[in-house]
Amino acid sequence: MAKIIQNGTIVTAADVSRADLLIENGIVTAIGSDLLRLAPQAEVIDAAGCYLFPGGVDPHTHLDMPFGGTITADDFETGTIAAAYGGTTTIIDFCLTVKGKPLSSAIRTWHEKARAKAVIDYGFHLMISEITDEVLEELPAIINDEGITSFKVFMAYKNVLQADDGILYRTLLSAKEHGALVMVHAENGDVIDYLIRQALAAGHTEPIYHALTRPSVLEGEATGRAVRLTGLADSQLYVVHVTCEEAVRQIADGRLEGLRVWGETCPQYLLLDISYLEKPDFEGAKYVWSPPLRAKEHQEALWNALKNGQLQTVGSDQCSFNFSGQKELGLGDFSKIPNGGPIIEDRFSLLYSEGVEKGRLGLSQFVDIIATRAAKLFGIFPQKGTIAVGSDADIVIFDPTVKRVISSETHHMNVDYNPFEGIAVTGVPVSVLSRGEFIIRDQQFVGTPGRGNYLRRNKFGNTSDSLSEKG
Ligand code: URP
Ligand code: ZN
Ligand code: ZN
Ligand code: ZN
């Protein structure tokens with residue numbers, strides 16, 4: 001049935017306006033006033049006092065992923081339900097390939113993980129664990145047939161996922177030729193590997209050494225290398241999970257020179273700092289990400305970079321492991337702590353509360369960072385990432401006055417802690433629609449697992465204005 005959302009304030013990356021929305025067959029079909037004239041039978045939803053945001057697009061999740069000798073605590077059901085509660089209606093998850101096996105078999109596996117479980121729409125990036133001639137030959141078919149138009153290359157995780165510079169360069173060339181965006185995990189894995197071995201040999205086993213063996217200069221160095229190789233290849237690059245001033249500077253320099261490079265940061269780097277890794281009783285393990293949390297001064301650099309456009313997106317890097325039994329794999333050896341944390345649910349609210357509410361970001365800028373820019377860069381705009389006639393009716397009805405405190409007691413992720421425990425946020429997604437259907441109604445989940453659709457994404461630079469997104 002048609003729906004009309006009345007009395008809300010529509011916010012897009014371009015503007016803020018008081019208007020009503022007509023939704024038919026999952027699509028926004030009119031924006032204006034007196035819409036009952038067009039659809040007299042429509043269900044009317046009152047959104048007075050609320051913002052209508054496009055559903056969040058989270059470009060960086062790891063659901064149901066084997067990593068560090070275990071498997072993430074959230075799968076496509078718990079993870080996407082939590083995302084929905086948090087106002088995210090689209091994710092792009094990393095399909096992990098297996099060394100020696102064709103890429104297509106990993107993609108099949110990821111479809112099987114998601115199909116019956118996802119409650120929101122989803123696409124895949126490919127996370128390439130080993131890049132060989134065969135893999136490079138398979139890429140064009142993956143781009144054209146599967147609609148997977150972005151690939152992550154690792155400059156860290158030596159002997160596990162790390163690619164050398166030659167491989168990164170060849171991937172950049174291939175991406176340029178076939179219309180894909182290369183994503184990079186930029187840390188100098190060789191030096192980190194040495195620092196880790198040295199720390200362990202000296203008997204330093206606690207979580208804080210995870211951060212101390214991955215200094216920010218090594219992220220800055222790898223980011224600069226990736227940016228320069230992108231320039232040489234005349235290709236395009238998206239730097240995931242940027243944590244520090246050094247890396248921001250490299251991306252900003254490249255962009256000033258006109259290179260096609262973009263950067264993502266994550267809520268954990270904006271809000272938490274290295275001191276969390278020093279929590280006693282191994283609790284520091286809850287705060288182990290790669291790259292690691294940094295000294296506090298980097299947070300201001302990241303906020304400034306978002307504000308002035310040097311960084312363009314905020315992903316969650318959702319990669320949840322229980323403290324009990326999973327993070328604990330690293331008791332006695334920090335290098336065995338599974339990396340990652342549960343963020344998918346709170347990404348949207350944290351960025352609103354810490355960004356808009358605290359005066360660091362404007363409303364339209366918030367929408368650009370949380371939804372629009374990722375949709376453009378990853379080939380799903382304007383189907384996703386905006387509120388416009390013809391776009392999917394993925395809408396967050398957001399009450400900016402309600403306050404809540406983040407806690408693992410009340411979150412919906414399948415994990416036994418929340419890294420933002422006790423942090424108060426202002427603003428909640430009261431109701432969330434995905435393709436015109438309520439999936440959250442009055443803060444209750446009303447969707448069904450398996451309703452999420454797979455998104456075949458457009459090639460980089462092929463749609464709308466992904467290339468005009470350089471500004
Ligand atoms: O610590 C992190 N980021 N875990 C997830 C894997 C990755 O590198 O994105
Ligand atoms: Zn990474
Ligand atoms: Zn620094
Ligand atoms: Zn990640």
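Biologist: How much space lies in the second largest pocket?

Modeller: About 240 Å³ of space lies there. Keep in mind that this is a predicted model. A pocket is an open set of grid points, worked out over the protein atoms alone.

Biologist: Which residues lie nearest the centre of the second largest pocket?

Modeller: Tyr85, Glu345, Arg404, His412 and Gln443 do, out of a lining of 15 residues. By class, that lining divides into 5 nonpolar, 7 polar and 3 charged residues. Strand 18 (395-405) and strand 19 (424-434) each supply at least two of the lining residues.

Biologist: Now the largest pocket. What is its volume, and which residues are the closest to its centre?

Modeller: The largest pocket holds about 470 Å³ of space. Its lining has 20 residues, and Tyr157, Val160, Ile196, Arg214 and Ser335 are the closest to the centre.

Biologist: Which element gives the largest share of that lining?

Modeller: Helix 5 (residues 189-201), with 5 residues. The classes in the lining of the largest pocket are 9 nonpolar, 6 polar and 5 charged.

Biologist: How should I read a cavity, as against a pocket?

Modeller: In a cavity the 1.4 Å probe fits but cannot get out. This structure holds 2 cavities of 30 Å³ or more.

Biologist: What volume does the largest cavity have, and which residues lie nearest its centre?

Modeller: The largest cavity has about 130 Å³ of space. It is lined by 16 residues, and His62, Phe67, Lys152, Tyr157 and Asp317 lie nearest its centre. The lining splits by class into 8 nonpolar, 6 polar and 2 charged residues.

Biologist: Which residues are around ligand 1?

Modeller: The shell is His60, His62, Lys152, Tyr157, His185, His241, Trp289, Ser290, Asp317, Cys319, Asn339 and Gly340. By class, the shell has 3 nonpolar, 7 polar and 2 charged residues.

Biologist: How much of ligand 1 does the protein bury?

Modeller: Taken alone, ligand 1 exposes 270 Å², and the protein buries 99% of that.

Biologist: What about the second largest cavity? What is its volume, and which residues line it?

Modeller: Its volume is about 30 Å³. The lining is Pro54, Gly55, Val57, Thr89, Thr90, Lys384, Gly385, Thr386, Asp392 and Asp394. These divide into 2 nonpolar, 5 polar and 3 charged.

Biologist: On to the backbone. What should I look for?

Modeller: Most residues other than glycine have a negative phi, and most peptide bonds are trans. Look for the exceptions.

Biologist: Which peptide bonds are cis here?

Modeller: Among them is the bond from serine 290 to proline 291, with omega near -10 degrees. Proline 291 is in the loop between helix 9 (267-271) and helix 10 (297-308). The bond from phenylalanine 381 to proline 382 is also cis, with omega near 0 degrees. Proline 382 sits in the loop between helix 12 (363-377) and strand 18.

Biologist: Is the phi of aspartate 317 positive or negative?

Modeller: Positive, at about 50 degrees, although aspartate 317 is not a glycine. Its place is the loop between strand 17 (313-314) and helix 11 (347-357). Aspartate 317 is also one of the residues around ligand 1.

Key. Residues numbered from 1 in each chain as written. Chains lettered and ligands numbered in written order. Predicted model: local features only at pLDDT ≥ 70, side-chain atom pairs only at ≥ 80, totals over all residues. Heavy atoms only, no water. Near = heavy atom within 4 Å. Areas by Shrake-Rupley, 256 points an atom, 1.4 Å probe, with all protein chains shown as cover. Nonpolar A, V, L, I, M, F, W, Y, C, P; charged D, E, K, R; others polar. 1 Å grid on protein atoms, 1.4 Å probe; cavity = no way out; pocket = protein on both sides within 12 Å on 5 of 7 lines; lining within 4 Å. Points joined across faces, edges and corners; volume = space filled by probe spheres on them. Helix = DSSP H or I, 4+ residues; strand = E, 2+ residues; numbered from the N terminus.
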